[in-house]
Amino acid sequence: MSGRRGRQGTLAGALAGLLVLGTAACSDYGGDLSGADVSGGGDGDGDTLVVSETAGVPSSFLAYGVSQGYFADEGVDLRVSPSSGGASVIPALLSGDIDVAGSNVVSAMIAMGRRMPIQMVAAGTSTAEEPAEDFASLVVPEDSPITSPEDLDGSRIAVNSLQNINDVVINSVLTEAGLSNDDVRFVEMPLPDIPAAIQRGDVDAGLLIEPFASIGRSQGLRVLASPYVNTRPGLQIGTYLMTSERVADDPELVAAFRAGVERTARSVAEDPDAFREALPEISDLSPELAGEMNLPVWHGGNDRESIEAIHAVMREIGLTDAELDYERAVAD
């Protein structure tokens, strides 16, 4: 199998087209919670893949798979580099600086709609089936006059990035309340800053994901809605991307990476307590927080219904006007 440096090709135009996309989107999961070094792939045997995944629980998921030997068993020497996530990792993927980009479905489809030569090769995080287990929460102060989504009309909602999965899932909450995204104002700020901004009154509400959702609740914030589950129970949020050229050139390596993701997903599903116990070692999470927060769900394989549902909302709210060619977008 050829090295990644030989696949950079002539992607200058694609990179130029991503400048706006990359700067407009930030992390979907927040600041660097990665803690311990997760970059090592073990003994170095196998084909090396450098993956940049969102710092926090998403990158810890891959680090857990590395530590358990799942990727090495598939012949992959996986090197994990925590990132800010969102669209920010796609230029690095296109330039050949990384082999795999961990992002979210919305950022991926915006890029594909702009004819970026990338494909989804495996699923990242998904949410739970039940609202109480959602790893995302739309929160307000405990004493806020906002007691239902209908009261969000005219409010300021803090989000960690604009034109992203936030737009899609908040829209689902607002639509059921007879509102739209045009009836609120999104305020972009880093996830760690959102709870304090809500308490100060700088914004009226905020969308938090774990571990920040648990932190916010511990500080007295009240959950108004569970936006991921509200959009669709089991909604797929994250995805792993590779260039279309790499998918075509190295199908066996792509399949090996996907197999490692799927084995890690099965392991976490079968023994979530073991994953929780490992989190303080491979991240900066305290044992208490790792033990109590709602975990994302991982499946490994992409969920077509989620992707199509998200794309439909993206078109409805103007995030893209491109049609979805699922067979081209997803390499399964």
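How accessible is Arg217, and does that make it buried, exposed or partly exposed? I found Arg217 at 33% relative accessibility, which counts as partly exposed; buried means under 20% relative accessible area, exposed over 50%, and partly exposed in between (1.4 Å probe, protein chains only).

I note that this is a predicted model, in which local features need pLDDT of at least 70 and side-chain atom pairs count only at pLDDT 80 or more, while totals for chains, interfaces and linings use all residues. Residues are numbered from 1 along each chain as its sequence is written, and side-chain values use heavy atoms, without hydrogens and water.

**Salt bridges**

I took a salt bridge as a side-chain nitrogen of Lys or Arg within 4 Å of a carboxyl oxygen of Asp or Glu. By this rule I recorded 13 salt bridges. Arg217 meets Glu210 in one of them, at 3.3 Å from N to O. Glu210 is buried, with a relative accessible area of 4%.

I then looked up Arg200, which forms a salt bridge with Asp202; their closest N and O atoms are 2.7 Å apart. Arg200 is exposed at 56%, and Asp202 is partly exposed at 39%.

Arg232 forms a salt bridge with Glu305, with the closest N and O atoms 2.5 Å apart. This pair links distant parts of the chain, 73 residues apart. Glu305 is exposed, with a relative accessible area of 51%. I also noted that salt bridges with shared partners join Asp73, Glu74 and Arg263 into one network.

How values were computed
Helices (H or I, at least four residues) and strands (E, at least two) are DSSP runs, numbered from the N terminus.
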